[in-house]
Amino acid sequence: MNTYRIFALTLIAAATLAGCSSLPASNPSLEQARSDYRAAQDNAQTRNLAGGELKLAGDALTKADKAWSDGDKTAEVDHLAYLAKQRVAIAQETAKQKAAELAVGNADIARDKIRLAARTNEADAAKQSAEMAQRQAEESQRQAEAAKQQADASQRQTAAAQQQAEATRQLASDAQARNIALEAQLKDLNATKTDRGMVVTIGDVLFDTNKAELKSGGMRSVEKLSAFLKQYPQRKALIEGFTDSVGSEGSNQGLSSRRADSVRTAIVDMGVGADRLATHGYGEAYPVAGNENAAGRQLNRRVEIILSDDNGIVAPR
Amino acid sequence: MKTQCSTKPLHTAQRIALPALLTAMLLLISACASTPPPTEQVAVSTSAVASATSAGGSDVAPVEMQMARQKLDRAKVAMTAKDYPLARSLSEEAQVDAQLAEAKAHSTQASKAAYELRESVRVLREELDRQTK
């Protein structure tokens with residue numbers, strides 16, 4: 001009896017307890033809180049940076065879970081699940097904050113590094129610009145030096161040019177002087193200007209008739225010629241002999257040659273190199289006047305000395 | 001409250017079983033109904049809301065701040081009405097809402113600082129690159 005009563009009372013008590021709670025299949029708020037918590041746990045950042053907050057969230061979730069499995073009121077389970085969910089969110093925000101603070105620390109370090117690099121750069125740049133200024137100064141100095149040298153050189157060149165001009169003028173005046181002297185001498189020799197050059201004619205009167213020996217008058221002409229040739233050693237002379245048409249051609253040829261040779265010998269005797277003198281007898285050829293009268297014939301009997309130009313060349317007849 | 005609810009009734013001796021059980025049932029029911037006033041919890045929540053406000057929670061997390069304030073207000077009303085379980089759970093929720101608002105404020109401020117610093121580093125680096133070139 002007694003035991004039966006106890007059993008019945010126990011049943012009543014159990015029913016009273018059960019009346020406080022109803023057991024739903026699942027609680028959406030709790031499901032949400034669990035899922036949030038799992039996501040937060042899967043996030044390494046939240047796990048590492050907000051461990052304490054995540055632990056609180058876990059405790060809250062455990063409490064909510066227990067309330068649900070104990071069959072507490074839905075409102076109570078919802079309330080506890082809400083607390084757990086908010087705690088998860090707090091843990092996540094805290095992790096975000098910590099991560100940002102770490103980033104600030106890293107950025108600070110990066111900024112210090114960059115500032116240091118900037119300062120180093122500035123120092124380098126200053127050094128470089130100093131070096132560049134130095135180089136520029138040196139370059140300017142070199143340029144000035146070069147300019148000075150150039151100026152000196154051009155001064156020297158000017159001086160040299162002046163000297164050259166002076167020399168040229170001197171030469172010109174020398175040449176002029178020489179020409180004047182030459183002309184005077186040639187005039188003295190009674191030289192005639194022809195296409196072949198200056199020609200000095202030694203007339204028949206300076207030779208004995210039918211003789212090749214020069215008379216004293218002819219000798220004077222020869223002396224003048226010798227002096228001239230000695231003074232102008234680059235010049236040569238061609239000595240040509242001519243006769244009139246009187247007498248045989250053979251004898252005239254011989255006479256003209258002998259007379260030319262005679263003049264040559266006389267000039268050589270006076271110290272003019274024999275190699276500078278050539279002779280040729282033309283006999284009665286190349287008359288300069290008619291052979292009809294005595295005056296003409298006299299003109300034809302002659303020795304012509306053709307003076308070469310400065311190069312020693314005598315134009316051939 | 002559950003610990004209070006689930007003690008005593010089973011190992012009672014047979015002779016005193018009935019009156020004891022009845023007394024226990026009465027105790028149990030009255031314990032479930034009357035909770036002590038959660039004065040401490042309300043104070044903690046009030047302080048959490050104040051802290052979140054001064055941390056700038058209203059600007060960064062206006063929704064959470066609003067919820068925290070409303071729940072705290074309702075908790076105080078429930079306190080006056082002596083509905084202590086409601087006052088407790090409302091003020092508990094107000095506390096976590098306020099804490100979340102404050103955490104959001106802090107994380108936003110830190111993110112902003114990090115962004116600004118990164119930006120200044122970027123500008124510096126650009127300047128440096130320009131110098132180098």
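Two strands count as paired if DSSP finds at least two bridges between them, and helices (H or I, at least four residues) and strands (E, at least two) are DSSP runs numbered from the N terminus. The model shown is predicted, so local features need pLDDT of at least 70 and side-chain atom pairs count only at pLDDT 80 or more, while totals for chains, interfaces and linings use all residues. Residues are numbered from 1 along each chain as its sequence is written, with chains lettered from A and ligands numbered from 1 in the order in which they are written.

**View 1. The open sheet of chain A.** Here 5 strands line up as β1-β2-β5-β3-β4 in chain A, with mixed pairing. At the edges sit β1 (192-194) and β4 (277-281) of chain A, each pairing on one side only.

**View 2. Strands β3 and β4 of chain A.** Strand β3 (residues 237-242) of chain A pairs with β4(A) in the parallel sense over 5 bridges. Look for E240(A), whose bridge partner in β4(A) is H280(A).

**View 3. The two sides of helix α4 in chain A.** Which residues of α4(A) are buried (20 or more other C-beta atoms, placed from the backbone, within 10 Å of their own)? They are E53(A), L54(A), A57(A), A60(A), L61(A), A64(A), A67(A) and W68(A). They cover an arc (taken from the directions from the helix axis to the C-beta atoms) of only 140 degrees, which puts them on the same side of α4(A). On the other side, G52(A), K55(A), T62(A) and S69(A) are exposed (12 or fewer such atoms).

**View 4. The end of α4(A).** After α4(A) comes G71(A), with a positive phi near 80 degrees.
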